[in-house]
Amino acid sequence: MEKTTTFPLRYTAFALSITGLLITMPLSIFLEGWYLLPVTFGVLTAVGTWDMMQRRRTVSRNYPILANFRYFLESIGPEIRQYFIQSDTEERPFSREQRTIVYQRAKNVLDKRPFGSQLGMYDQGYEWMNHSLNPTHLDNSDFRILIGKQCQKPYSASVFNISAMSFGSLSANAILSLNTGAKMGNFYHDTGEGSISRYHREPGGDLVWEIGSGYFGCRHPDGTFNEDMFVKNATLDQVKMIELKLSQGAKPGHGGILPGAKVTPEIAEARGVAVGEDVVSPARHSAFNTPIEMLAFIERLRELSGGKPVGFKLAIGHPWEWFAIVKAMLKTGMKPDFIVVDGGEGGTGAAPLEFINRLGMPMKEALLLVHNTLVGTNLREDIAIGAAGKITSAFNIARTLALGADWCNAARGYMFSLGCIQALNCHTGRCPSGVATQDPRRGNKLDVENKSQRVYNYHKNTLCALQNLLEASGLNHPSELGPEHIIQRTSKTEVQSYMDMLPFLAPGALLEGKTGLSVFDKYWPEAQPDTFGPPEFIIKLRETKLH
């Protein structure tokens, strides 16, 4: 290719900066107040020189100075789209309408809307609740569900609680605000796998202690489970239930490392680790290797806690692994008191893009599978089910309960109540609202008294909205919600209730082998209670591409 000899126009900004610097420097000596011009041109010249000399960014070398405008606009792209381009109903990941309703309910201000719905009621996938011509009247909205009916210390939980978020991912003031709000509203606050910090304990709100594969708060120095430390925390009056985390929706099957630089004395105190040392969360538990061993571990935790409800949280992946757990329940008679289903749409402070977008079953399908399996094996009456995954409104709660859940958890909804603006900076430590950060200069600006009131208001007003939906539907309690109450548009001209659209098993149907559903017909007979391993036919499929 013939080499061009003309001056590239892309260098114009750099050339003008140099020219401006050369012209204004002598002028500033003689003309008062002109010193700002050579300073400005000097800065631009320095930026352009650096762009030309660095080797990391080819665009900057080809477009000195100008490329920096491109990178700046790219850096604020999410904010530009969120504030000026995104529609009120576009969910990426939460719509402006979803965030606004949380803000309004948290602030206890008018949450009504004028003129009519902005949703496309004739779009495929649109959902609504059926109402009644014989509405009810309910005295209050403090809807509760009893968990651990067979335990010495069962827990009466609200149907809407704070999902798992650790101290470390959230700031100290955020944890204080959440737990204070939970105390005021008499609902629970899940600790997340980072264990129980001083900020969880100080307000005195109900806690569900989540124990992950790192066994934070109950671990030996080598990372294995420590019974003595577990007893110390599990027997606290404030701890109402213990939740064994098998996986979470946003990053199932993924471990993690907390760099030593982030292990502050407060985090080390909560997690039972050494200050300044890297802390590993393995991808799998070391306390058990099989479904039967896992259930025995749960039984042991219940005993050590003094009879408190113990369950587990999971995101559904391979169906045979879930079926193996249920078969272990049937074989041994050991059962968890509850199961929390975490949908693949769940949030996190940081996870690989592929995990967030493409790994793990969404909540609707996961909840239905868990509910159907327990109903089909006659275990559903003994095991309560919670569910989490993008739940922010009363309709979200009602729809989830209609699918089979007993109660709902929310994380990002409560983050919005604290003032989160969905800046998508959770993983950087530069959260502008002081929620998802460990920078005290940011987190300390979050006013605990004000934000805890907003957490309380959000919970109260969301349950008031749920009360209104139940009354309009002729119901007396959220437990009465079923698949017949939720309708979905399946095409421009057709609608179906969840009852008609989705498969629901009859009690005992799975034990009788009468499901007619491929997921059960294919994987249930092959699942084994003494292993999480795949069925034999799956192993053979993995050995060849000839299938």
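Tutor: Start with one definition. Buried means under 20% relative accessible area, exposed means over 50%, and partly exposed is in between. Keep in mind that this is a predicted model.

Student: Is glutamate 480 buried, partly exposed or exposed?
Tutor: Its relative accessible area is 35%. Buried needs under 20%, and exposed needs over 50%. So glutamate 480 is partly exposed.

Student: Where does glutamate 480 lie?
Tutor: Look at the elements on either side. One is α18, residues 448–472, and the other is β14, residues 486–489. Glutamate 480 lies in the loop between α18 and β14.

Student: Which backbone nitrogen does the side chain of glutamate 480 reach?
Tutor: Leave aside the neighbours within four places in sequence, and glutamate 480 is in contact with Leu475 and His485. Its side chain also reaches a backbone nitrogen at 3.1 Å. That nitrogen belongs to asparagine 476.

Student: How many Å apart in space are glutamate 480 and arginine 144?
Tutor: In sequence, glutamate 480 and arginine 144 are 336 residues apart. The distance in space is taken from C-alpha to C-alpha. It is 13 Å.

Student: What parts does the salt bridge of lysine 245 and glutamate 193 tie together?
Tutor: The side chains of lysine 245 and glutamate 193 meet at 2.6 Å, N to O. The two residues are 52 apart in sequence, so the pair ties together separate parts. These are strand β7, which holds lysine 245, and the loop between β5 and α8, which holds glutamate 193.

Student: Are lysine 245 and glutamate 193 buried or exposed?
Tutor: The cut-off for buried is under 20%. Lysine 245 has 11% relative accessibility. Glutamate 193 has 17%. So both count as buried.

Student: Which helices does the pair of arginine 198 and glutamate 266 link?
Tutor: The side chains of arginine 198 and glutamate 266 meet in a salt bridge at 3.9 Å, N to O. The two residues are 68 apart. Arginine 198 is partly exposed at 42%, and glutamate 266 is partly exposed at 25%. The linked helices are α8 and α10.

Student: Aspartate 406 forms a salt bridge with arginine 380; which of the two is buried?
Tutor: Their closest N and O atoms are 2.9 Å apart. Aspartate 406 has a relative accessible area of 21%, so it is partly exposed.

Student: Where does serine 247 lie, and is it buried or exposed?
Tutor: Serine 247 sits in the loop between β7 and β8. Its relative accessible area is 10%. The cut-off is under 20%, so serine 247 is buried.

Student: Which residue's backbone nitrogen does the side chain of serine 247 reach?
Tutor: Set aside neighbours within four places in sequence. Serine 247 is then in contact with Pro252, Gly253, Lys313, Leu314 and Ala315. The side chain reaches a backbone nitrogen at 2.9 Å. That nitrogen belongs to alanine 315.

Student: What is the phi of serine 195?
Tutor: Most residues other than glycine have a negative phi. Serine 195 is not a glycine, yet its phi is positive. This serine lies in the loop between β5 and α8, and it is buried at 0%.

Student: Which residues touch the most other members of the largest nonpolar core?
Tutor: This core has 118 residues. Its largest share, 8 residues, comes from helix α12. The residues that touch the most other members are Phe230, Phe312 and Trp322.

How values were computed:
Residues are numbered from 1 along each chain as its sequence is written. This is a predicted model: local features need pLDDT of at least 70, side-chain atom pairs count only at pLDDT 80 or more; totals for chains, interfaces and linings use all residues. Side-chain values use heavy atoms; hydrogens and water are left out. Helices (H or I, at least four residues) and strands (E, at least two) are DSSP runs, numbered from the N terminus. Buried means under 20% relative accessible area, exposed over 50%, partly exposed in between (1.4 Å probe, protein chains only). A polar contact is a pair of N or O atoms within 3.5 Å; within protein, one must be able to donate a hydrogen and the other to accept it, and residues adjacent in sequence count only if both atoms are side-chain atoms. Contact means heavy atoms within 4.5 Å. A salt bridge is a side-chain nitrogen of Lys or Arg within 4 Å of a carboxyl oxygen of Asp or Glu. A nonpolar core is a set of buried Ala, Val, Leu, Ile, Met, Phe, Trp, Tyr and Cys residues joined through side-chain atoms within 4.5 Å.
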